[in-house]
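This report walks through one protein model, from local backbone features to the overall fold. Have the sequence and the coordinates open while reading.

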Amino acid sequence: MAEYVLAIDQGTTSSRAILFDHDGMIASSAQLEHQQILPRAGWVEHDPMQIWQNVREVIGRALGRADITRHDVRAVGVANQRETTVVWSRTTGEPVYNAIVWQDTRTQPIVDRLAASGGVDRFRKTVGLPLTTYSAGTKIAWILENVEGARAAAEAGELLFGTIDSWLLWNLTGGPDGGVHATDVTNASRTLFMDLESCQWDDGILAAFDIPRSMLPEIRSSSERYGVVEDSSPLRRVPVAGILGDQQAATFGQAAFAAGESKNTYGTGNFLIVSTGEQIVHSRNGLLTTLGYRLGDGRAHYALEGSIAVTGSLVQWLRDNLGLIAKSSDIETLADSVDDNGGVYIVPAFSGLFAPYWRPDARGAIVGLTRFVTKGHIARAALESTAFQSAEVIEAVGADTGVPLRELRVDGGMVANDTLMQFQADILGVPVVRPVVAETTALGAAYAAGLAVGFWNDLGELSANWREDRRWEPQIDDAERARRMRLWKKAVTRTFDWVDDDVE
């Protein structure tokens, strides 16, 4: 009888359960979208209970489609949207507020207040991150300061905090009836609270944020037995044994374990991660220093990350807000209806700019418009903006490490778009490579869990599973590449300084 590892991939727009066999191939999967709650400009929320209910549902569907039972599943791994923040009651399991999503910008006044003493890099040497609205720490502070009764309940030890991995682990393992309250090092490193060297919460930073330590989960490795699934689940008694933030999970699924190896994920946003091994590298060029993974009681492995807020969600915006396309996949056909972008550049700074600029004052812009421009040019410019933004963070990686990129391994939903992948190779001047299994986020979570229970023996066995599906080679010369990047960077500068005292 074949055995499997089940991965829960809880993302920004949907939750998935995917069963992987020993070769790292997909046996079955199920997916459900959840509501995007947008109360005000810049505010993005999710309903944590809807996410938990969807996760339970997709687990059952994935098992049913593979026609297997819990006895065929060796372990469960979790990958999650990272900085998205949940605060809930330890006795009832009810959230005190909606989950505040990683894209949300409401906490800028908290960032400004904390940065007034020491600047945005006040804690960067310790945690690897600047003070921004992106991290989970400011979101916890906002909930305690703005939700009635939350501060008193937290100080009384009645509330728990978690990123989505902790929320799911706690519920999977029993919730109020003995649920495990833990997180892994990769997710902890996105809070602004974890010391990179010790991999423990920093009490001084918690005091600066006025966050009770009792709220925080225990920090554990990315691959170990955290607990077992509670008895009412179809996975009852199966160990939950792997947790990785989604981008670290995708890196792990791409078998990019060693220093210098990298991947770029194309999803709601884009996220480039380059492994730096056991060395902590502090960026001088707008990148984040983060945990890559930690296996069992082994040493922590670190990475540099370039985080881009809006890529795939720009396509969703063209679909849902403007009605330019009927479904997301139509963007490629529309883009291919023209030969080039017609001089149009779209900078999707919907919630400011992330790496390498970190400009919360920026807002989105479409520049270069003339009467010649059609919706085909807009579609092509939208795809090209994803590649341009990725090129800029890859430039930053080269500046920080001094190591040139030789090829780019890619994954995520947008890598099915051949037009985008070809343009990415063109603008980088290096090959772009897609693996056979593009669902590398879920695969990485499965790998972490499988290693913990002996389903896979070591990293070498995982590397042997990686197989190339398609490769795109550059097709433009250096002069044309430089011209296009120059125009892109000019467009980016047009988005700066939009938000001021008169603009919310």
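Asp497 sits in the segment after helix H16 (478-493). The model is predicted. Asp497 has a positive phi of about 65 degrees, although it is not a glycine. At 56% relative accessibility, Asp497 counts as exposed, because the cut-off for that class is over 50%.

Most residues other than glycine have a negative phi, and most peptide bonds are trans. Arg237 is another non-glycine residue with a positive phi, here about 75 degrees. Its place is the loop between S13 and S14. A cis peptide bond joins Ala355 and Pro356. Pro356 belongs to the loop between S19 and strand S20 (365-367). The table sets out the angles.

| Site | Angle | Value |
|---|---|---|
| Arg237 | phi | about 75 degrees |
| Asp497 | phi | about 65 degrees |
| Ala355 and Pro356 | omega | about -5 degrees |

Is Asp104 buried or exposed? Asp104 is buried, with a relative accessible area of 1%. Asp104 is found in the loop between strand S7 (99-100) and helix H2 (108-115). A polar atom of the Asp104 side chain lies 2.6 Å from the backbone nitrogen of Val44. Leaving aside residues up to four places away in sequence, Asp104 touches Gly42, Trp43, Val44, Thr133 and Lys139.

Arg220 lies in strand S12 (residues 218-220). Arg220 has a relative accessible area of 17%, so it counts as buried under the 20% limit. Beyond residues up to four places away in sequence, the contacts of Arg220 include Val180, Ala182, Thr183, Asp184 and Val185. Arg225 and Tyr226 are also among them.

**The six-stranded sheet**

Six strands form an open sheet, in the order S3-S2-S1-S5-S14-S13. The pairing is mixed. Which strands stand at the edges? Strand S3 (26-33) and strand S13 (223-228) do. Each has a single partner strand, so one side of each is left without a neighbour in the sheet. From one strand to the next, the twist averages 25 degrees.

Strand S1 (residues 4-10) and strand S2 (residues 14-20) pair in the antiparallel sense, over six bridges. Val5 stands opposite Phe20 in S2. Helix H14 (residues 440-452) packs on the sheet and touches S1, S2, S5, S13 and S14. The direction of H14 makes about 135 degrees with that of S14. Helix H9 (residues 246-253) lies across strand S5 (73-80) and strand S14 (239-245). H9 runs at about 100 degrees to S14.

**Helix H10**

Helix H10 spans residues 312-320. Its buried residues are Gly312, Ser313, Leu314, Val315 and Leu318. What covers them? The cover includes helix H11 (330-335), strand S19 (345-347) and helix H12 (375-401). An α-helix has 3.6 residues a turn, so residues three or four places apart point the same way. Leu314 and Leu318 are both on the buried list, as is Val315.

**The whole protein**

The protein has 16 helices and 23 strands. Its C-alpha trace spans about 65 × 55 × 45 Å along the principal axes. With 504 residues, a compact globule would have a radius of gyration near 23 Å; the protein has 22 Å, which agrees.

Of the 504 residues, 60% count as buried. The accessible surface comes to about 19000 Å², and 46% of that belongs to carbon and sulfur atoms. Among contacts between residues at least 6 apart in sequence, 72% join residues at least 24 apart.

Methods. Residues numbered from 1 in each chain as written. Predicted model: local features only at pLDDT ≥ 70, side-chain atom pairs only at ≥ 80, totals over all residues. Heavy atoms only, no water. Buried < 20%, exposed > 50% of the residue type's maximum accessible area, 1.4 Å probe, protein only. Helix = DSSP H or I, 4+ residues; strand = E, 2+ residues; numbered from the N terminus. Contact = heavy atoms within 4.5 Å. Polar contact = N/O pair within 3.5 Å; in protein donor to acceptor, adjacent residues only side chain to side chain. Pairing = 2+ DSSP bridges. Axes fitted to C-alpha atoms, helices over the stretch in contact; angles between N-to-C directions. Rg over C-alpha atoms; globule rule 2.2 N^0.38 Å. Areas by Shrake-Rupley, 256 points an atom, 1.4 Å probe, with all protein chains shown as cover.
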